[in-house]
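Please keep the sequence and the structure in view while reading.

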Amino acid sequence: MILVICALVYVKTVNGAWCSSADSNSCLGKPLHFSKLPTYLGPFPMGFAAPTALDWYGNSSLGLLVGVGSSKAFQAGLRYFEREENGSFVERVGYRNPFRRIPLAGSVLVAPRPIDWNADGRMDLLLADPSGNVRLFLQNEEGEPQLTWSSFLAYMNMDSCFALPHPVDWNGDGQLDLLVGNCLGQVLYFEGGAGGSFIQRAGSENPFAAISLGSNAIVYPCALDLDHDGDLDLVVNSIRSMQLSFFRRTADGGLIEVSGDANPFAKVWGRYPNGVDLDGDGFPEIMVNSDEGVSFYQQTVDEHTLVERSRYMYPFSSVQSRRVELVGLEATGAGKLHLFAISGGRLKMFRGSLDTAFEELLEHSMYLPRTTSAVFRVDWDKDGYPDLLVGEKGIRFFQGSPDGKQREVVGHSTFAGIQAGRGDAYPVAADWNHDGHLDLILGEGLGNIRYFVGTANGSLVERRGAQNPFGMIHVKRYSSFSVTDWDGDGQLDLIVGCWNGTLRFFKGTAGHLQELTGSDNPFVKISVGRRPDPFAVDLDDDGRPDLVVKNNAGRLYFCQRGSCKVHYGCGHEQQELKGFCQASGQCSCKNGYRGPDCTQCDDLYFSIRTETSLSSVCTACPGLLSSNVCNRRGRCLDDQMAMDNSSGLNGLGLGNVRLGECICNAPFSGADCGEGSCPAGQALKLDPQSPNSTTAYPLWEACLPCSPGLFKDLPGNARGCVKCPVGKYQDQSGSSECKLCPAGKYQTDVGSSVCTLCPAGKHSSPGSYSCSACFGCSWWHWPLATFGCCLMLVLISFATRGCLRYGRKRRASQVAGCLRAELHEMQKRGFTGEDVVSQLAPIWANAQNQDLGAVSQDILDALVVTLRSCRKDLSAIRRIKESAEKWAWHDAARAAQDLLLEARRESELRGIALEYILLNFENDAASKIVQREWREVNGFVCTLDSCIMRYKGTRDAPPAEWVCAPTASPPADPTFTQMAPVLAFGELSVGYGQLCPRDGEVHCSFVDGVHEQGSSFQANRFLSWVWGYNLSTACAALRTWCDDQRRVNPAFRAETVAIWWCFFCNNQFRFLQDQNRQTTADLSVVFGDRLKSVGRMLILMNDLLQPEYVKRIWCYKVSKYNRGVFEVFVASTNDIPISVLLPEAAVGRHALVSIDQLKATCKVNAENATATFKDDEDGIKDLIRSEHGSFAYVNKVVERALLFEVVQMAR
């Protein structure tokens, strides 16, 4: 058996629910349980009685004040109760009720709240009524509440809506704040300040903004520290409902609702929750008004909960790499542990604790056979030195000695003759009958447990039948068990492992055993696989036994005693947050992590541990982030595979592969299988029939032999198999060359596996793509020539010359007719896309050889028609071009190249549709931004791709800044710099995977990606802007401009406008992802040409008086900090119309501005402006100096143009 450390993570709470590990930084599910106390007051009218606790006189005497609303059976009033010494509450009436004089006639709801409003050391009272008012009663020197006017409370009137205030120091600044529930299902927040002032916080500043209990719900809030973590949590109740909602405070100050069974108030039924410490233990009880009256609920604690640790939270990880099998475990006191394991035929002893790793004690190693099933250490002979009972078929006794070693006593009389029957022996020594002598409890392989009573002389007497307290226990096969006082009642109990992986619990009572089943069994939820061995030992030295369970695979499960508490970072080890706690109490793990507490690595991830701790970080296997694990040529040795420790999987040998590296298929090698190449005759392809295909590895690449008709002459992975040219064939697979068609056969098609036999009367030479006639002239010429030679020898030369001339002319005419007929026949059948060249090229070659120019032109025209038909398939056009170049058909190659250039020009002039920006872009951006992981890197919230752009690195090896950065929420209003890796390039971009018409490479610009759906067309506006703008700023400005255009020109239609916007129009896969940069001179030429072709410029500013825009010198590249004015200068000097765009909110902020302010807005200084890259900045400035001598002329032109447009816009 191999000991492999692996654990699932559960915690058992008092109501039988299970949650994850009790590590203080783990997500642990439901921690609280409230049980109802017999004490109650009332009854009072349901829905109209709100209780609160207070010490009105400041004498440390607990009192309760119950606001009773008006009903048929009750009159409105404030009823006051004081607590007696015996703990009961007695109502005070008449003059002993200090609140008797407060007028409440007709009030249907009376909600009092105590508060020291004026900080004079005396308790005051806030009282809400249905009119929306909150009245203030200050306590005077006689202890009477006196109505006092408050300007703040008068301002807080809720317009005839209930206002239920709860005073508490929510933000921990030492000043009382007010949480106010209204009748719209909301909780309002008024932050307290110096001098008793309050400021209402709304929107994102209100921590309760997300809480809504319905539009017609009157909310009653109560803030208490219920989980004892030092911050306040929130309990709210709609008085139209009897259910309490619980919101737990997170480490970052937010609130998360705990719902369902995880809500500790799921079984608390009532209204108006308030806290009161009845027993003075510092833990608040909860009181609510129910049908019985004011009921009280107390937190309870279960001392017998089990917390199962994950494999990165216990010390057994230090022996997980050893090929050992656990056979014994004991606690020696003070938290020290001894572990016994069999390895290589030897019994090894390890020493460690929960806080330190286990180390092997080499001096205690001894030879034992692999048949050893259990080892139990006990001082059997009471000489002060621990002995060993070793279970095999029987029991071997090893006696302890002063040197700390154990030596076997062969034939020891006490255990001689004791056999386990069929199977293994499992010995345990304990004083079961409390007579002062050790007894022997022996488990057998048949599933029985035998009992031997120890006597005064050291011998053992077996008890059978009714005298055996374990006689009724039978577990089918292999009885393994642990004897311990589990429940702390002074009686020994029994934990028995069953063959099916479960644990049975037998409670001891006066020497007898009673099995507890169902929810009474503390181990009912534990299942570890087949044949569990339980070891009950006190691992943490807290006086209570904990539990370690080994299954038949050698895996250990470590369960520690403890209570269940809730925290909100899952698997938080070494500053690495691995998941988040959901409201249900379960962990939602980050990518790469799994398990109930997110401490295990997911499939295709491997763990990297630090040298100073047992914690780990899960790292993606090579190529996983690009969906190309191990280049699809092997399997990654992840944690799961390493745990299985197989010698090979489907023919993949482990060899010397380290964790996180790839196990490669031949002929590939390397950590990511990126090394190695296919031999000649084989090409790298996806293998749809691969026997290695699994869910985790669905696609595999392999070196597959070239099919008949194809060949590959050189080794390598870049080139695939090539079709055999005309006149050649290949009838075998895996060939590195093609064969010539033999004489008498021909082949006009490429990629053929056979040759065609020439028809009768024709022949061909080897390697021919056509057959020739076996004669040159018609048959009757020969007799005539012979007769003429006989009669007219003088005219023989003239006759011969005429015959030859006639034959050549007729043959040329016949060939041209045949070629045109063949072309016509092909046109009738239709050409097959990119194979058009292979179909037409042989005919064209024949026409060229016969010098038939007209026929060649007809063939070229047919090819051009086919090119036009597949115009949208640029990859097909490129392949046609390459095929034409192979045939040396230059006219065809030029025609294909012209189409590619035309597609490139159309792509470069495309703009993003204004209608798409206004209607769809914000929603598309919001849906994709939340799909990426965000972290705060040096104060900048970004994705991994942005971090790589800034700090270098790769996805497989992220920069250190990213690894150490904390996770962050996706930005609600991102900048275009933040959105670029999500929308402009990357896997979520619409251009991802599409062919770029500009360079023919994969991945295209945004406008090319949305062109087919009609969201881009030829640009008619050019946008000059700043990459650091927020999404809302840009969209708001465009909407304002669009509305203005409609007001000025009713015929204006937004759907006719397309904007050349570099974010969308440049291929950011090249500019940003690959960082292929052009020179400043080249970019200036491209920019000028683009601006002139569009003909109109829009300038997007974020503010009228303090715009970022005028500080830019160049915006053709991305940066949050771009500055400059060069675009405006180019537009002005080329008489291109300019329009300034501003968000409506920015215009409203500066409704009244002077001309001097506008001039200051347009003030520019090109010499001091900056750009993203220093060489761009220097290049633009050198260009200005060389063409204009100084910056003064540029500044003047730009200021004049901007001022004119800004003034027009301001008007």
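Which residue does a disulfide join to Cys706? A disulfide, defined as a pair of cysteine sulfur atoms within 2.5 Å, joins Cys706 to Cys721, with an S to S distance of 2.0 Å. This is a predicted model, in which local features need pLDDT of at least 70 and side-chain atom pairs count only at pLDDT 80 or more, while totals for chains, interfaces and linings use all residues. Residues are numbered from 1 along each chain as its sequence is written, and side-chain values use heavy atoms, with hydrogens and water left out.

**Disulfides and other cysteines**

- A search of the whole structure finds 9 disulfides.
- The link of Cys706 and Cys721 is left-handed, with -80° about the S-S bond.
- Cys706 lies in the loop between strand S56 (701–705) and strand S57 (710–711), and Cys721 in the loop between S57 and strand S58 (722–723), so the pair ties together parts that are 15 residues apart in sequence. Helices (H or I, at least four residues) and strands (E, at least two) are DSSP runs, numbered from the N terminus.
- Cys706 is buried, with a relative accessible area of 0%. Here, buried means under 20% relative accessible area, exposed over 50%, and partly exposed in between (1.4 Å probe, protein chains only).
- Another disulfide joins Cys630 to Cys662, with an S to S distance of 2.0 Å. The torsion about its S-S bond is about -85°, so this disulfide is left-handed.
- Cys630 is in the loop between strand S50 (616–620) and strand S51 (634–636), whereas Cys662 is in strand S54 (residues 662–664), so this pair ties together parts that are 32 residues apart in sequence.
- Cys1065 is buried, at 1% relative accessibility. Its sulfur is 8.1 Å from the closest cysteine sulfur, in Cys1062, which is too far for a bond.

**Helix H8**

- Helix H8 has 19 residues (residues 890–908) and should span 27 Å at 1.5 Å a residue; its end C-alpha atoms are 27 Å apart, which agrees. The expected span is 1.5 Å times one less than the number of residues.
- The buried residues of H8 include Ala892, Ala896, Leu899, Leu900 and Ala903.

**Nonpolar cores**

- A nonpolar core is a set of buried Ala, Val, Leu, Ile, Met, Phe, Trp, Tyr and Cys residues joined through side-chain atoms within 4.5 Å.
- Of the 70 residues in the largest nonpolar core, Ile912, Phe921, Phe976, Trp1025, Trp1061 and Phe1063 touch the most other members.
- A second, separate core of 35 residues includes Val428, Leu494, Phe506 and Leu556.

**Salt bridges**

- The structure holds 39 salt bridges, each a side-chain nitrogen of Lys or Arg within 4 Å of a carboxyl oxygen of Asp or Glu.
- Arg201 forms a salt bridge with Glu191, the closest N and O atoms being 2.7 Å apart. Arg201 lies in strand S15 (residues 198–201) and Glu191 in strand S14 (residues 187–192), so the pair ties together parts that are 10 residues apart in sequence.
- Asp1008 and Arg998 also meet in a salt bridge (3.7 Å, N to O), and both residues are buried.
- Glu444, Arg450, Glu462 and Arg464 are linked in a network of salt bridges.
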